[in-house]
Amino acid sequence: MSHEETPATVPLLQRLSTRLTLLLLTVVAVLAGATAVLLWRGLDALLLAPDGTGAVLADVDPEAVGAVVRGTLINLAVVVAVTVLAAVAFSRALLAEPISQLTDATRALAAGQRGVRLPVRDRSELGELATAFNAMADALTEARESLEARVTARTAELRALLELSNTIAVTTELQPLLAAVLDRLDAAGATAGAEVWELGPDGAWARLVARGERLPEVPPQDVGTEPEPVSGELLTLPLRVRDATVGLLRARAREGASWDTERLEWAVGVAAQAAVAIENARLYERARDEATDEARRHLARELHDSVSQAIYAIVLTTHAAQRRAGRDPARAHEALDTVIELAEAALAEMRALIFELRPEVLADVGLVGALHRQLDGLELRHGLATERDLPDEPGLPFASKQVLLRVVQEALHNVVKHARASRVRVSAWSGQGRLHVKVADDGVGFDPEASFPGHLGHTSMRERLAALGGHLQLASKPGEGTTVELDVPLALGDESLPAGDRSRAAAAQDPGGRS
């Protein structure tokens, strides 16, 4: 709002210069008149005889002359004093008081007293100055109220964007997220309709969610064409992530509303959140697919290395028993006994695989219980003798327990696949704020400095533990078995890890990467 006004013309008699001139002229006139009257009275007293006839100055008494002069001067001094006092009072009312009031009001306004105003007594320059001061104070008050309103509105917008960002960070369902985005866009109720489109990998557009009136226009098929943000009542904003277009946000303003600068900035912020929501959904789906594929590859390897081999042996032994059934029943019976043993081993192997693929066992029996079950599976599946020295359930975050279980499973897996051991011992203890776990076998051992099939698995184990602030130590010599000792902080949770370590901790929970 503009507060500029045409300068007012001060009437001649209201001008300060005119008033001061008149004041000076009045003072001069009063003093001149008083002087003339007093002189006339003095001369009248000196020149006139008591009978009214003229007198000669030589006959005048000098004392009488002095008395007349003194009286005249006293009267003149009184007149001058009264005139000066009147002039001072008039100038004070005319200049000093208005200027003092203006000074005090200016200081009060600078101190934040927005309600201070000056009285306008006349149309002089000081009156015009008081009027301009009041207009300036009104403008400052209005500007401050407008600024406070804008700050309040922008704070509310930022708070809404923060809430929306938090929702996007913790929610993976795309449709509710985009619906929340459009609800935020129409928070002021000035949007007649809005919709979000997604650009698929094949270049095709798909409407994901819509609110209010359906927009008849279709989004442009040329991704390289940058649409105008505002075209009349229609708003079109591209949704970009890392300079790549992932969709469009389109909205129509209600009748009488428009996309001004503030609403456009708000819409751009909301569009950025919509782009993040779409990209997060894509990344989550991609990560889920990769995790599923890795789990399938892991399961395929395990089935091929264990269950499928056992089933193949069962088939071969069964065929051998069939061939010997008629001519050598005793050998056929022995073959059937072998088939039963192989079937029981395959069943135990399958149960162990199912156990490994069910991380919810941690929630049921805890880390210590899961380790006991893992060792029970080794005894049943592979005939290994196991020794255990495990404490009560440690106070670790659930994610840390998952990583520890995976790493111990990896160590036991290497014992079975490579160590050719007959006994394995698993022990755990706590000390100096850390949980220690040791896996030791009596197998053939190896040279840790040399290249060997399990090296990649040990590297993966170290990376998983490093993500939790843990360590892994490997000790082995050919013919003397292998010892794997690891430790993690007891009191370290995911919330205290740096962002990079949290992501690595999540990756460490992936069951893939076995040697």
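**Pairing and packing around strand E10**

Colleague: What makes E9 and E10 a pair of strands?

Modeller: Six bridges join E9 to E10, and the two run antiparallel. Pairing needs at least two bridges, so E9 and E10 count as paired. This is a predicted model.

Colleague: What lies between E9 and E10 in the hairpin?

Modeller: Five residues. Gly479 is in that turn, with a positive phi of about 80°.

Colleague: How do you know that E8 pairs with E10?

Modeller: Count the bridges again. E8 and E10 share eight, in the antiparallel sense. The cut-off is at least two, so this is a pair. His436 stands opposite Asp487 in E10.

Colleague: Why is E10 called largely enclosed?

Modeller: Six of its eight residues are buried. Buried means under 20% relative accessible area. E10 is therefore largely enclosed by the rest of the structure. For the protein chain, buried residues make up 37% of the 515 residues.

Colleague: What is the strand order in the open sheet?

Modeller: Five strands form it, in the order E6-E7-E8-E10-E9, with mixed pairing.

Colleague: What makes E6 and E9 edge strands?

Modeller: Strand E6 (385–389) and strand E9 (471–476) each pair on one side only. Neighbouring strands in this sheet are turned by 10° against each other on average, ignoring direction.

Colleague: How do you know that E7 and E8 pair?

Modeller: Eight bridges link strand E7 (residues 423–431) to strand E8 (residues 434–441), in the antiparallel sense. At least two are needed, so the pairing holds. Gly431 stands opposite Arg434 in E8.

Colleague: Which strands does helix H8 touch as it packs on the sheet?

Modeller: Helix H8 (residues 398–419) touches E7, E8, E9 and strand E10 (482–489). A contact here means heavy atoms within 4.5 Å. The direction of H8 makes about 10° with that of E8.

Colleague: Why is Arg263 said to lie over the face of Trp259?

Modeller: Arg263 lies at 4.1 Å from the ring centre of Trp259. The limit is CZ of Arg within 6 Å, and within 35 degrees of the ring normal, so Arg263 counts as a charge over the ring.

Definitions and conventions. Residues are numbered from 1 along each chain as its sequence is written. This is a predicted model: local features need pLDDT of at least 70, side-chain atom pairs count only at pLDDT 80 or more; totals for chains, interfaces and linings use all residues. Side-chain values use heavy atoms; hydrogens and water are left out. Helices (H or I, at least four residues) and strands (E, at least two) are DSSP runs, numbered from the N terminus. Axes are lines fitted to C-alpha atoms, for helices over the stretch in contact, and angles run from 0 to 180 degrees between N-to-C directions. Buried means under 20% relative accessible area, exposed over 50%, partly exposed in between (1.4 Å probe, protein chains only).
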